[in-house]
Amino acid sequence: MIISINNLHKKFGSVIAANIDSYLIGHGDMVGLVGNNGAGKTTLFRLILDLLKADEGNVTVSTNDGSLNDADVTSTEEWKRHTGAFIDESFLIDYLTPDEYFAFLGRMFGMKKEAVNERLEHFRPFFNGEILGEKKLIRDYSMGNKQKIGIVSAMLHSPELLILDEPFNFLDPSSQAIIKHLLAAYNRETGATVLISSHNLDHTVEVCPRIALLEHGVILRDIANVEGSAKTELDTYFDAPVQAAEATEVPQPETLEGPEILEKPENPE
Amino acid sequence: MVKCFHRDENKTKSNAESVTPSYTPMNNRFATLLKDIRQQRKLSAKRHPMYKNNKFGKYFMFLFALIWVGYLVLFGFLLPAIFREEVPGMEPYNVLNGGMWYIFIIDFLMRFMGQKLPASEVKPYAVLPVRKRDVLDCHLLLNGIDAYNFIWIFLLLPFGCMTLWKFFGLGGLLGFVLGYLILIIANGYWHSICRTLMNEHILWVLLPIAVYGGIIALMVTTKWPNTIGMEWGEGFIKWEPLAFLAALAVLALLFWLCRVMQLRIVDKEIARTKSTKLKHVRDYKFLDRFGEIGEYLRLEIKLLTRNKVPKVQFRTGLILMIMFSVFLAFTEVYDDNFMRYFIAIYNFSVLGVMVLSQCMMFEGNYLDGLMSRKESILSLLKAKYYLQCAICVVPLLVMIAPVVKGKLSVLDMFAAFFITIGFVFFIMFQLAVYNKSTMNLNEKVMGRNSTSNWFQTMLIMGGFFLPVILIMALNAIFPDGRVSVWITLVIGIAFTLAHPLWLRNVYKRFMKRRYVNMAGFRASRP
């Protein structure tokens, strides 16, 4: 799917959450959105998914099969059939069990039960035996497992456009490694357009061949990431405030040195 | 080295003093904590999302309190005359004292509207350097001095002025009010105990029913509670130490019981490792044949059966429905035309109105997910409608008793059925367009967490009363009562048959307002 962001502006009070003149994401692109808190990553995703109204501008999409061509996401719902997204817990129906939830989503996207089960088999290692077949409501799962359920729910129907907000959050190291592999393989094998946001630069650089650096709603840099080449540029950008702070830091008095404080004398007198 | 240690120790101490909250000096600790928690409770009430998103809510609650106070004052002035007329051989204050238990029952029921359980307030302080029991004590004390407890003064004071003053003067009046206040505060702790137990298991609802029911039964059979009430109330009026000691003992006992119970609940809540596995997972396979709507029907059934709030609403509605049917069938209390029709429509509508007045508010919890799928909202609305229509079979069964007893005709019953699923539901579904606050699926139903707003209240009133007003107006025009019922039936059937049209209209209007609604749902999500 091709996503075209055109003169997109969104403000919350005086805070600018999106201010993008033009940005194009092509068929099969895998884009990582990075930025500090409040940069506008989630807002951009919500605008793309028509969950938020833009003050100005629009987002248009074109599907691979040509059924949609530069269609404004606010004027049609057809693109939803080709899209999978997980932003936060508000995407989960938490009084269902994971199996029920996946079955529900499968049927919504016209999948047969067998197809849903077959697809879920693909994610079995990611679930680590804790999700499928459990008679447990989603609301009773840990944050990490809810995150897994959310990610898989977005990928279940093999969408042309996959949007995941902070997919590595709450996941244990093994699951993070698995999801990195799953996302890269999904993009490579299906040619789907994948958008993810993350605060974890290492993961983003590892997975995404294209990285957008977002700050105050503006895409500051659109970085081509060939075999981790974006890492240095991103490190330099995000380390700059730390280095500036260190440069202006007041030296601590000598008496505050740790070891001396911790050592208690036998007789304080 | 030694020198350095001392210097640093002092430094560390002074740093600690500057950052530690002022709870450290023992004598001031509790008072400071009490002050802080009182402030936080005030802010919590003031900044509740219901008021933030709905300015009307604040005024509605104020108006409700004002009406309640007005009622109490009115009864305070009216009851002496009523008691003199009904019980001529007895002073009105003796009659009230004898029936004091009714005040406690009403007070107990009213507390469901707003009293918070202290245990639920303690969790945020669990990791702070404050003792849990101190936080709990603060909340229990604040519950004891809550303004609500003193609302009964508006009944007791005018009543006392009119009945006690001439015999016992100001002293008697003050003793009477003070004694009752002690018992009402104790009743508040009793309410907290029962509510805590009910939260553990719904069957604990039988405890207050047994206690108050037992008192009423004893009043009818032996008159003991009346005698105790009269003696106790007169003891208050005459400032007899024993009467106050007994009241204070009851207060202390219930406070202690409540405290012990709440402490246990707090510990249990903090260290909760509840079993979260379901015993049975029902799939409702028969719904498969209905396609996408069947899928949403399945979702609706699970919504209503797996979450505390809709479950409590359903039970409450069912109890009210059965109660009204029994009253209508076996007593003459509601024999006039207006009440007959009102009860018929109320019984059919109550379950639907309870759920549909919160249309989309439950879904607010996961609306972003629903909105990311094509036209799912229309199917959801249809499923909601069909399920509520199916649920109307329950009142159809419950209403058999009034029909058998001749209080309602079969035609009345079917008119009420169709006007409900046609017209009343048409009105209630309009709320799907305008509701924009998320309702927690497992929080309590009533009180500050309720999300009534101006529009919702008006529509609920409209849903219940418009059909009755219509029937009454038609009755006034057509002397034969059956004509009005037939017209009502036809209107009901017409609205029922037109449901695909008005549901689509609701869907389209919802989609137009989707950004505003979604922002509201997001902002009020727990």
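**A walk through chains A and B**

Let's start with helix α5 of chain A, which runs over residues 143-155. The helix has 13 residues and reaches 19 Å from its first C-alpha to its last, close to the 18 Å expected at 1.5 Å a residue. Keep in mind as you look that this is a predicted model.

What surrounds this helix? Eleven of the 13 residues of α5(A) are buried, so the helix is largely enclosed by the rest of the structure. If you want to pick them out on screen, the buried residues include A:N145, A:K146 and A:Q147, and the list goes on to A:A154 and A:M155. A:K148 is also one of the buried residues, as are A:I149 and A:G150. As a count of neighbours, buried here stands for 20 or more other C-beta atoms within 10 Å of a residue's own. The cover over these buried residues includes pieces from several parts of chain A: the strands β6 (83-86) and β7 (161-165), along with the helices α2 (98-108), α4 (124-127) and α6 (173-190).

With β2(A), strand β1(A) makes an antiparallel pair over nine bridges, and A:H9 has A:N19 of β2(A) as its bridge partner. These two strands form a hairpin with two residues between them, and in that hairpin A:G13 takes a positive phi near 65 degrees. Strand β1(A) also pairs with β4 (residues 56-62) of chain A, again in the antiparallel sense, over six bridges. Two places to check that pairing: A:I3 has A:V61 of β4(A) as its bridge partner, and A:N6 stands opposite A:N58 in β4(A).

How far can you trust chain A? Its pLDDT averages 88, and 92% of the residues score at least 70. The stretch to watch is residues 256-269 of chain A, where pLDDT stays under 50. The model has eleven contacts beyond four places in sequence for that stretch. Where pLDDT is low, the predicted coordinates should not be read in detail.

Finally, a look at chain B, which is divided into domain 1 (28-270) and domain 2 (286-524). The C-alpha centres of these two domains of chain B lie 34 Å apart.

Key: Residues numbered from 1 in each chain as written. Chains lettered and ligands numbered in written order. Predicted model: local features only at pLDDT ≥ 70, side-chain atom pairs only at ≥ 80, totals over all residues. Helix = DSSP H or I, 4+ residues; strand = E, 2+ residues; numbered from the N terminus. Expected span 1.5 Å × (residues − 1). Buried ≥ 20, exposed ≤ 12 C-beta atoms within 10 Å, placed from the backbone. Contact = placed C-beta atoms within 7 Å. pLDDT = per-residue confidence, 0-100. Pairing = 2+ DSSP bridges. Domains from an automatic or database assignment.
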